[in-house]
Amino acid sequence: GNAGVVLRVADETDCEMLNGLIPALEEKALSKAHQLVHFLHLPFAVVDAEFQFDTKVVTVYYSLVTSQSTTITPSMSRLKRELSHAVDGAKVLLEQVVPVEDRE
């Protein structure tokens, strides 16, 4: 297989990142994303936010809300820009998730 190579064993600092800093950053990103989606009247619901280990990239997962009708064109770039600013300049990736029952 193509499993990869272990570069080193995680040390105490790595464990603190994984168990303290990263979850706090993810909670901050999730909260801010919820606020921005509401403020920008975007037709979707934020599901989760996940930072990469180096905290330079955050992926925000969202699902479309079909019952909400809007005449405003969604401003995904504004959401990404403002969210990046709120999470200390991390690059923001948006990824749509589709509920299992809608995958047909």
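I took helices (H or I, at least four residues) and strands (E, at least two) as DSSP runs, numbered from the N terminus. The model is a predicted one, so I kept to local features with pLDDT of at least 70 and to side-chain atom pairs at pLDDT 80 or more, while totals for chains, interfaces and linings use all residues. Residues are numbered from 1 along each chain as its sequence is written, and side-chain values use heavy atoms, with hydrogens and water left out.

**Entry 1: layout**

I found two helices and three strands in the protein, and from the N terminus on I read their order as α-β-β-α-β. For burial I used relative accessible area, where buried means under 20%, exposed over 50% and partly exposed in between (1.4 Å probe, protein chains only). On that scale, buried residues make up 30% of the 104 residues. I looked up the accessible surface as well (Shrake-Rupley method with a 1.4 Å probe; for residues, only the protein chains shown count as cover), and it comes to about 7,400 Å², of which 53% belongs to carbon and sulfur atoms.

**Entry 2: strand pairing**

I counted two strands as paired if DSSP finds at least two bridges between them. β1 and β2 run antiparallel and are joined by seven bridges; within this pairing, valine 46 has tyrosine 62 of β2 as its bridge partner, and alanine 45 has serine 63 of β2. The two strands form a hairpin with five residues between them, and threonine 55 in the turn has a positive phi of about 60°. β2 is mostly covered, seven of its eight residues being buried.

**Entry 3: the nonpolar core**

Of its 22 residues, Phe51, Val58, Val60 and Leu79 touch the most other members. At least two residues of this core come from each of α1 (12–39), β1 (44–51), β2 (57–64) and α2, and α1 gives the most, with eight.

I then asked which residues phenylalanine 51 is in contact with, leaving aside its neighbours within four places in sequence. Taking contact as heavy atoms within 4.5 Å, I listed Ile22, Leu25, Glu26, Ala29, Val57, Val58, Val87 and Ala90. Isoleucine 22, in helix α1, counts as buried because its relative accessibility is 5%. Isoleucine 22 and phenylalanine 51 are 29 residues apart in sequence and 6.6 Å apart in space, C-alpha to C-alpha.

**Entry 4: helix α2 and serine 84**

The buried residues of α2 are Leu79, Leu83, Ser84 and Ala86. Seen down the axis of α2, they fall within an arc of 155°, so they line one face of the helix; the arc is that of the directions from the helix axis to the C-beta atoms. These buried residues pack against α1, β1, β2 and β3, whereas the face turned away from the buried side carries the exposed residues Ser77, Arg81 and His85.

I stayed with serine 84, which is found in α2 (residues 76–86), and asked why it counts as buried. Serine 84 counts as buried because its relative accessibility is 16%. A polar atom of its side chain lies 2.7 Å from the backbone oxygen of alanine 90. Apart from its neighbours within four places in sequence, serine 84 is in contact with Gly89, Ala90 and Val92.

**Entry 5: positive phi in the loops**

Aspartate 88 lies in the loop between α2 and β3 (91–96), and just after α2 it takes a positive phi of about 60° although it is not a glycine. Aspartate 88 counts as exposed because its relative accessibility is 63%. Histidine 41, in the loop between α1 and β1, is another residue other than glycine with a positive phi, near 55°. Histidine 41 is partly exposed, because its relative accessible area is 46%.

Technical notes
A polar contact is a pair of N or O atoms within 3.5 Å; within protein, one must be able to donate a hydrogen and the other to accept it, and residues adjacent in sequence count only if both atoms are side-chain atoms. A nonpolar core is a set of buried Ala, Val, Leu, Ile, Met, Phe, Trp, Tyr and Cys residues joined through side-chain atoms within 4.5 Å.
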